[in-house]
Amino acid sequence: MTQLPDQRWQLAPSQPDRIPALVAATGLSPLLVQVLLNRGITTPEEAQQHVDPELTTLPAPVDEFPDLAKSVGILQGAIADHDPIVICGDYDADGMTSTALLIRALRHWGAEVTYAIPSRMDEGYGINERIVEDCANAGVGVILTVDNGIAAYDPIHRAVDLGISVIVTDHHDLPPKLPPADAILNPKLLPETSPYRTLAGVGVAYVLAVATGQALGQLGGLTVTLLDLCTLGTIADLAALTGVNRRWVKRGLKTLPQSSLAGLQALMQLAQMDEKRKPMRPDAIGFRLGPRINAVGRIGDPAHVIELLTTDDPAIALTQATECETTNRRRRQLCEQIEQEAVALVETQDLPWRRDRVLVVYKPDWHHGVIGIVASRLVERYGVPVFICTQENPTTIRGSARSIPEFHVAQALDFCDDCLLKHGGHQAAGGFSVNLDQFPTFQRRLSEFAHQHLEPEHLKPCVFVDVEAQLSDITAALYQQIESLQPWGMGVNAPVFWSSEVAIADQRVLKGNHLKLKLAQGETVLDAIAWRWGDYFPLPSPLDVAYTVEENHWQGNTTLQLQLAGLRATPSTAAHPTTPQPTLAALPPPTPRKKAAHFTYKNRPYQCSLANAENELRIRNEQGQVLAVQRGQRTGLLGESREAAKPVDVTKPHFYSLIKTAIAALEAE
């Protein structure tokens, strides 16, 4: 028997009572309105603002960030007095784009500005006392942190003692004790209702740059360039595309293809991106630009990215983009090698992750710059929290963690605090260091925490599904509506539909172990792709399928294609959709002594009855819609009243199975 992916599906609850108002407000398909409801968009006003973020009235940043005016004043003074400014950045895409954004802005205004990014391999994340001492020795007047600093109490205290002004711009969670900086800009200090609450580090840098430019009266010529960098960093950092992020990113995606930044143009050229005629999609950044930038921070020198994003010389830009491309290829090779070795350890050494409810995998020679990426892949593969570790030095192990929704990484690391050297993170991810002799204790404590928060049924990959659709619903018009709601991304993930009793009309394995399929339901046949699922070939038929919708461009043709996210055995035994479906007349007639019944189909309640001398079957759902079908007919009527009802093909698997269940309920009565 063919094995299917070992998954659990989490179906969003239906909210039918809210759908009509949002359909009227937006003109969207009820399927997409249900998706918006699943994303927490529940009122017509919220839906309209989501469709068009420019309708949102934003509060002025200076009214939201208490220290913004003070930060602007410090920078104005440093520019006027020619005080050197050092930007202390970070080595991920968010930190590097933040650094480049403020370098460009401050240089435009005539500031004396340089930057410092700590060594990922030797120093780790964030501003440190070595950087502070170097700044003091160089006569620096202002240190400006980006994407870090909120938890760096000691280095910032040292900087203040040395007479250096410090502005902290960060977006990470607040520590119990804030650093003694002159000014702090962090959206986590704002109310949760603030539209600025979800800003990435680069978004905070953008707020500061725009406010400073406005105060100086010198913002002209900078706005689009700064927005390009803000958009790039926001998406690459996986910031939620809600609040002000949605508004700014939607604008930025329109300008990025024609960006005046020489570095971005060179990077897009090497990534073979042809986005000239339409807004860029977030996944173009997330899968093509972002990884090329992040790779340098993980295993290379961030200076290459800073020069890439700050130069106006196309030749220099191409040189630095080539370095990014080369480094990214090496990063991919490292990831593939480490992933293969990690899977081999799991499979051959029989690591007890099901017993421990957490997977801890360790090999001393792995590159810790990429183990976080591999951890994410192992979570996708096994559906369990993953802590992947490597040797940092002869006495210390360093690791990265990635998780599932039911397991909070930061809380797990806090639980193990007494046996760790240092740690940090949030719900979904984190990092840590542990002495070699404390490693077994750390593993036991992790398992203890996991047993407190996870059940065995949690230990499989979870597919979050939005709404059921028929394959016939997946049309070019629906796809255009999906695209009109870009940007999809973190916080507003792209819709995942599911369809029941779908036949596999054709299937084959492609190079790379991908499955290429034709899926059929009734008369509708659609192409589908299942990445890296060749091991499940051949798939049985029929199946329930979960999927996203995309365009496939091949040899000049554009067609719709489903990208499979989930497969599960269909609970019914419907006939193969490619064969003729029986009509209602083929079903055994119910015994006439009972005229009505209640039943449940796919966890939803229904009522059914026979009318018109038992020639018409009527099925009513909990929303008051009625399916009426005459015996022997292939078409029925569906609606809240006969006058407003629309014809439907009752031979489609969903309706046919529903009718069979109703007749069985009448028989049981």
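This briefing covers helix contacts, cysteines, selected loop and strand residues, and backbone geometry in the structure above. The model is predicted. It holds 0 disulfides.

**Helix H7 with helix H8**

- From H7, the residues Glu 129, Val 132 and Glu 133 take part, and they meet Asp 154, Pro 155, Arg 158 and Ala 159 of H8.
- By class, this contact of H7 with H8 comprises 3 nonpolar and 4 charged residues, with no polar ones.

**Helix H1 with helix H3**

- On the H1 side, Ala 21, Leu 22, Ala 25 and Thr 26 meet Pro 44, Ala 47, Gln 48 and Val 51 on the H3 side.
- The contact of H1 with H3 is made up of 6 nonpolar and 2 polar residues, and no charged residue belongs to it.

**Cysteines**

- The closest cysteine sulfur to that of Cys 335 is in Cys 324, at 16 Å, which is too far for a bond.
- Cys 335 is buried, its relative accessible area being 0%.
- For Cys 389, the closest cysteine sulfur belongs to Cys 416 and lies 11 Å away, again too far for a bond.
- Cys 389 is likewise buried, with a relative accessible area of 0%.

- Ser 259 sits in the loop that runs between helix H11 (244-255) and helix H12 (262-270).
- Although a loop residue, Ser 259 is buried, at a relative accessible area of 6%.
- Apart from neighbours within four places in sequence, Ser 259 has contacts with Asp 228, Leu 264 and Gln 265.
- Asn 393 belongs to strand E8 (residues 386-393) and is partly exposed, with 31% relative accessibility.
- The C-alpha atoms of Asn 393 and Pro 364 are 9.3 Å apart in space, while the two residues are 29 residues apart in sequence.

- Pro 487 is placed in the loop between helix H20 (476-484) and strand E14 (497-510).
- Pro 538 falls in the loop between strand E16 (524-530) and strand E17 (543-554).

**Positive phi outside glycine**

- Gln 272 has a positive phi, near 55 degrees, although the residue is not glycine.
- The loop between H12 and helix H13 (282-299) holds Gln 272, and this residue is exposed at 69% relative accessibility.
- Arg 532, also a residue other than glycine, has a positive phi near 60 degrees.
- The loop between E16 and E17 holds Arg 532, which is partly exposed at a relative accessible area of 45%.

Methods:
Residues are numbered from 1 along each chain as its sequence is written. This is a predicted model: local features need pLDDT of at least 70, side-chain atom pairs count only at pLDDT 80 or more; totals for chains, interfaces and linings use all residues. Side-chain values use heavy atoms; hydrogens and water are left out. A disulfide is a pair of cysteine sulfur atoms within 2.5 Å. Buried means under 20% relative accessible area, exposed over 50%, partly exposed in between (1.4 Å probe, protein chains only). Contact means heavy atoms within 4.5 Å. Helices (H or I, at least four residues) and strands (E, at least two) are DSSP runs, numbered from the N terminus. Ala, Val, Leu, Ile, Met, Phe, Trp, Tyr, Cys and Pro count as nonpolar, Asp, Glu, Lys and Arg as charged, and the others, Gly among them, as polar.
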